Amino acid sequence: MKKILFIDRDGVIIKEPADYQIDSIEKLEFLPGIFKYLGEIASKLDYIFVMVTNQDGLGTDSFPEKDFWPVQELIIRSLQNESIVFDQVCIDRSFAHENSPYRKPGTAMLTKYISGQYDLENSYVIGDRASDILLAQNLGSKSILLKSELHQVDLSSVKPMNIVKSWKDIYSLLIATDRKAKVRRITSETGIEGMINLDGNGISEINSGLPFFDHMLEQIAKHAQIDLFLTCKGDLHIDEHHTIEDSAIVLGKLFAVALGKKAGIQRY
């Protein structure tokens, strides 16, 4: 299942002006590091990008369409030039007092991702406001709060999972947490659950029912400096074959998922 980065626009991709409305090209300024680090995320990690933004009163006299779209199109075009492409751009036009279900933290704009085959549990909402953190909670996703220079976020009612100061921090967080995996395999012969962290410390807990096999898997974790956890309930009353074979299949899947796009890995 695909993981998603739900990314706010104003204050996260581009700087937000003092009047909170980017209605001219002259006001447009990208956040430092956005091209470098979001580009690295796009090339190295397995995420779909979705832009989710509230644009108060877009299309009304207070925010005419003609003032919005030249800026928006330049943003999208500039990011595409660096191979940063959005699967969908979700724009809510309502005012806060209207309480629209489409407006963040409402999820009505994102039904495609809620009802589809997406891994929301391991997806992130990246934003600079409490509404972004609440959106993550409503989606059942993780959250990253990018500290804003413009306004302070009241965290009394929300608890972001991660608070960062820059796109470099976001990249470091994702690259460190992304190389983990959890796999469950159930057959008529075995029931296996495994977890791996490729950036671990050599910690392991192996329970296959075969002490020598446990020892060999523990050595992989120790010498590779990865964290490995595996529990298997197999048909050992028949023989050891299925336990070892299916454990190997789970190990292969764990590495495959944790390595993602395998960026930076070379054959030797």
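This is a predicted model: local features need pLDDT of at least 70, side-chain atom pairs count only at pLDDT 80 or more; totals for chains, interfaces and linings use all residues.
Local features need pLDDT of at least 70 and side-chain atom pairs count only at pLDDT 80 or more, while totals for chains, interfaces and linings use all residues. Residues are numbered from 1 along each chain as its sequence is written, and side-chain values use heavy atoms, with hydrogens and water left out.

**Figure 1. Overview of the protein chain, with seven helices and 10 strands.** Helices (H or I, at least four residues) and strands (E, at least two) are DSSP runs, numbered from the N terminus. The C-alpha atoms fill a box of roughly 75 × 40 × 30 Å along the principal axes. Of the 268 residues, 44% count as buried (under 20% relative accessible area; exposed is over 50%, partly exposed in between; 1.4 Å probe, protein chains only). Contact means heavy atoms within 4.5 Å. Among contacts between residues at least 6 apart in sequence, 65% join residues at least 24 apart.

**Figure 2. An open sheet of four strands in the order 7-8-10-9.** The pairing is mixed; two strands pair if DSSP finds at least two bridges between them. Strand 7 (180-186) and strand 9 (204-207) are the edge strands, each pairing on one side only. From one strand to the next, the twist averages 5°. Axes are lines fitted to C-alpha atoms, for helices over the stretch in contact, and angles run from 0 to 180 degrees between N-to-C directions. Strand 9 pairs with strand 10 (residues 227-234) in the parallel sense, over four bridges. Ile206 has Leu230 of strand 10 as its bridge partner. Helix 6 (residues 211-224) packs on the sheet and touches strand 9 and strand 10. The direction of helix 6 makes about 160° with that of strand 9.

**Figure 3. Packing of helix 1 (residues 34-44) and helix 5 (residues 167-177).** The angle is about 15°, and the axes are 8 Å apart. The two helices are therefore roughly parallel to each other (angles under 35 degrees; over 145 is roughly antiparallel, 65 to 115 roughly perpendicular, the rest oblique). Helix 1 contributes Ile34, Tyr37, Leu38, Glu40, Ile41 and Lys44 to the contact. Helix 5 contributes Trp167, Lys168, Ile170, Tyr171 and Leu174. These residues divide into eight nonpolar, no polar and three charged. Ala, Val, Leu, Ile, Met, Phe, Trp, Tyr, Cys and Pro count as nonpolar, Asp, Glu, Lys and Arg as charged, and the others, Gly among them, as polar.

Figure 4. Gln55 counts as buried, at 3% relative accessibility. Leaving out residues up to four places away in sequence, Gln55 touches Arg9, Asp10, Phe63, Phe68, Ile91, Asp92, Arg93 and Ser94.
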